[in-house]
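The sequence and structure come first, and the notes follow.

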Amino acid sequence: MADEARQVPTATDTRILRSDYRPPDYDIDAIELDVRIDTETEVRARLQVRRCEGADPEAPLWLDARELDLRALEVDGEAVSEARIRHEAEGFYVEQLPERFELTTRCIIKPEANTALEGFYASGPMYCTQCEAHGFSRITPYIDRPDVLARFRVRLSAERVRFPLLLANGDCVERGEEGEGLHFAVWEDPFAKPCYLFAMVAGDLAVVRDSYRTSEGRDIALEFYVDHGNEGLVDHAMGALKRAMRWDEETFGLAYDLDTYMVVAARAFNMGAMENKGLNIFNSALVLASPETATDATFDAITAVIAHEYFHNYTGNRVTCRDWFQLSLKEGLTVFRDQRFSEDVLGAEVQRIDQVRMLRAMQFPEDAGPTAHPVRPEAYKEVNNFYTATVYEKGAEIVRMLHTCIGEEAFREGLRRYLSVHDGTAATIEDFVNALAEASGVDLTPFLAWYGQAGTPRLSLTREWDAEAGCMRLRFSQHTPATPGQANKKPLPIPLRLRLLDGAGEPVALPEHPARIGEDMLLMEADTLTLDVPSDQPLLPVPLLGFSAPVIVESDFNALELQRIAVQERDAFARWDALQQMQARAHAALMRDDGTVLEPLLNTLQRIAANPPEDEALTAQLLAAPRSAWLWEQYPRVDPQRFVEALEQQKLAIARALCGPLSVWAQRQPVGDEQAGERALTVLALDYLVLIDADSTRALARQRTEATNMTLSLGALTALSQTHSSDLAVASASFYERWRSQPLVLDRWFAVSAAARHTDVEALRGLLAHEDFDWQNPNRMRAVAGSFARENLAHFHTEAGYTLFAEVLERLDGSNPQLAARMSRPLLGFARLEAPWADWQREAAATLRTKTRSVHLREMLDAALD
Ligand code: B3K
Ligand code: ZN
């Protein structure tokens, strides 16, 4: 093969279908990598390849190779002639191959020129990898698919001064000097793995060490690698890791399987974190925290993500996915596991409400919009566009429903069975569901429909009280609206946790019924379900306790009934949900200019504030205003300006109604580690009170922005940012000065600034041109452009707002298409906007479409524009 760089054709918009899955023709038993790390990194690979049983002996070998400068290709030590190679856009075929052979390649890659942050790239002075989903083929030619599992041996060498640290998966089996200032390290991973779990890191980082003893008595070394100076910020993450390790042993009997568990914090990272075997790479925002620099919400996010990546070691790594359509097999299941963990360590009630709040704000809109797709999609062009709230969070809800139906014990047995039967292989969603079915003896096949059908089911409930017969009749019926490409929907199995309250608010037992699968649980399997309850008085049903299924309940409860649920019910989710319904009705009334309907809501909130639950975090959740993303979903079409005005009026009315208790909460300064609940309520109080145009509360908020505790300080700054108060400018400038050298805190400042009420399009341009803005850093990008589009509704929803956002995406698309596509969602909602916003936004999206270079962004825009 010629030594000069090879011109590869550009990527095409090929649609990949789930139904096209075929097992690979060749398998790789082992790979040895020799990586000479430098600005121009040389990658030599030696693959032991074997034709699979049953494959056509004439079958060529397909190797994925993306943007690689391939310098040599040999089979069994002989250069392969050009005649035997067929190049395509994202790889090449090699023809006329023996049954077993050794394939060697050599190529050159340039980490510092890699702005896509996939493959091997520079994050500040350090080099690191991101291989899921297809980054490995940007490092070396390979069969880059998750059902090819190989043993990896990796030799890394680099200049010792520049890269004193050389890490890869598994165990370090050798290290030493190479002369000329170079050193090397050899890493071996004893577990065969798909290449998306490969990782390597080269850099000059500090290490924080700890250890963990498994219940079998094995000592595991825990190592966190962070930038020098950040050693003091890993305590929380380290603690969370140890708790997660213990929890997985106690809950599922799963103990860690290598001697070392490493976590590297990277400043430039496209997502939250990555579960590479034994060597997690994390967005530094999800590792580094102290009460002075991070909010309580960040602490909880770190707990969840540290646990999530750790739990992947079994659900994802030991048993991986056959193909990327099965992504939810590892993601939905692992989110469910991290949710259960967070419920155990942080409190189940508050966690469950947060989970639902997030699902409704992110996943429901997705399921009702142009990019709606099943949890197991049927087709994709760019798989990175399918790491969505649907695959993750709705996927987790499906696993939760399975768990609900079979119970904790059978679920545990089923999961263990799934992991042992499929250990070391690539599995499918059916494999998982079958294992649960076998362990429980319950036929779970109907649940597979949840994986295949997009859209959020609507569950409507009607009631009839027959006094004469002494019978309360409840009728549930389900219906899922059409989604793109799926016009007709089937009924789905819906576990329905239900309570019936009598006039005194006391629960009444559910009657015997064929659909009853537990004391308070029904399983609805058809379009409708009717339940007759003998009773001498009308009963108030409280459906979907604990949010037992990811559906939208449509009911005809009157305001008084919602109030009863909000005040009397014991299920925290149901209380919160009743308040959400009241909030939505109040907002709808304000949209119609009808302020009178606010009374029941305000009255209910006052009753809760006067007699709050013990858990202050729960109180804060009950009293909080609804998330705008969810509220938005309540309307077929939205006038965004009116929407914002109505929400502002609503919040102001709540602030006035709750002024008394809010003022007490706002005065407090809870700074103890254990006082997160109090802080939540204090921040909520500030958030409401600053809306009342009183100098005293704004001065108090400004004072709190100086708090040493970040939850209080940032909470106060965020509150002020929603006002036109002159206190904001002063507080913001001083916050900036205090934190300008701390990138993660500065991200928060950028986010608050971009979402601030007064930040118009010109001001946003100012932030994009700020000396600390960085187009290459995803965290900074999300903080500015992402917050503007998602939070600053008043200014994003203008002609200039849409145009500017599209310009940002266009530029970002040229350097980091994955991020551009992920951030594009706010521009795809025009079908739900009223004129003229709909036309403005469609126009901005259509113009962007003509300039888009990547498949990633094109696939997103096409979904909305077609
Ligand atoms: N598996 C990774 C996500 C990879 C995203 C690739 N675009 C993190 C996680 O879900 O744990
Ligand atoms: Zn995951």
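Contact here means heavy atoms within 4.5 Å, and buried means under 20% relative accessible area, with exposed over 50% and partly exposed in between (1.4 Å probe, protein chains only). Helices (H or I, at least four residues) and strands (E, at least two) are DSSP runs, numbered from the N terminus. Because 10 of the 13 residues of α20 are buried, the helix is largely enclosed by the rest of the structure. Among them are V745, L746, W749 and F750, and also D747.

## Basis and confidence

This is a predicted model in which local features need pLDDT of at least 70 and side-chain atom pairs count only at pLDDT 80 or more, while totals for chains, interfaces and linings use all residues. Residues are numbered from 1 along each chain as its sequence is written, chains are lettered from A and ligands numbered from 1 in the order in which they are written, and side-chain values use heavy atoms, with hydrogens and water left out.

The protein chain averages a pLDDT (the predictor's confidence in each residue, from 0 to 100) of 97, and 99% of the residues score at least 70. Over residues 1-10 pLDDT stays under 50, and the model has 19 contacts beyond four places in sequence for this stretch. Where pLDDT is low, the predicted coordinates should not be read in detail.

## Zinc site

H308 (NE2), H312 (NE2) and E331 (OE) coordinate the zinc ion (ligand 2) at 1.9 to 2.1 Å. Donors are N, O and S atoms within 2.8 Å of the metal (3.2 Å for Na, K and Ca); water is not among the atoms, so sites may look incomplete. The spacing of the donor residues in sequence is H-x3-H-x18-E. H312 lies in the loop between α2 (296-311) and β22 (319-321), and E331, 19 residues apart from it, is in helix α3 (residues 327-346). Both H312 and E331 are buried.

## Sheet and cores

Eight strands form an open sheet of mixed pairing, in the order β6-β5-β9-β3-β2-β12-β15-β14. Its edge strands, β6 (78-79) and β14 (171-179), each pair on one side only. Two strands pair if DSSP finds at least two bridges between them. Parallel strands β2 (residues 26-36) and β12 (residues 150-159) are joined by seven bridges.

A nonpolar core is a set of buried Ala, Val, Leu, Ile, Met, Phe, Trp, Tyr and Cys residues joined through side-chain atoms within 4.5 Å. The largest has 212 residues, and F224, Y418, F432 and L827 have the most contacts inside it. Helix α10 (residues 572-591) gives the most to this core, with 11 residues. A second, separate core of 78 residues includes L117, A202, F386 and Y387.

## Backbone with positive phi

| Residue | Phi | Relative accessible area |
|---|---|---|
| D76 | about 50 degrees | 45%, partly exposed |
| L117 | near 60 degrees | 5%, buried |

D76 lies in the loop between β5 (69-75) and β6, and L117 in the loop between β9 (100-109) and β10 (119-123).
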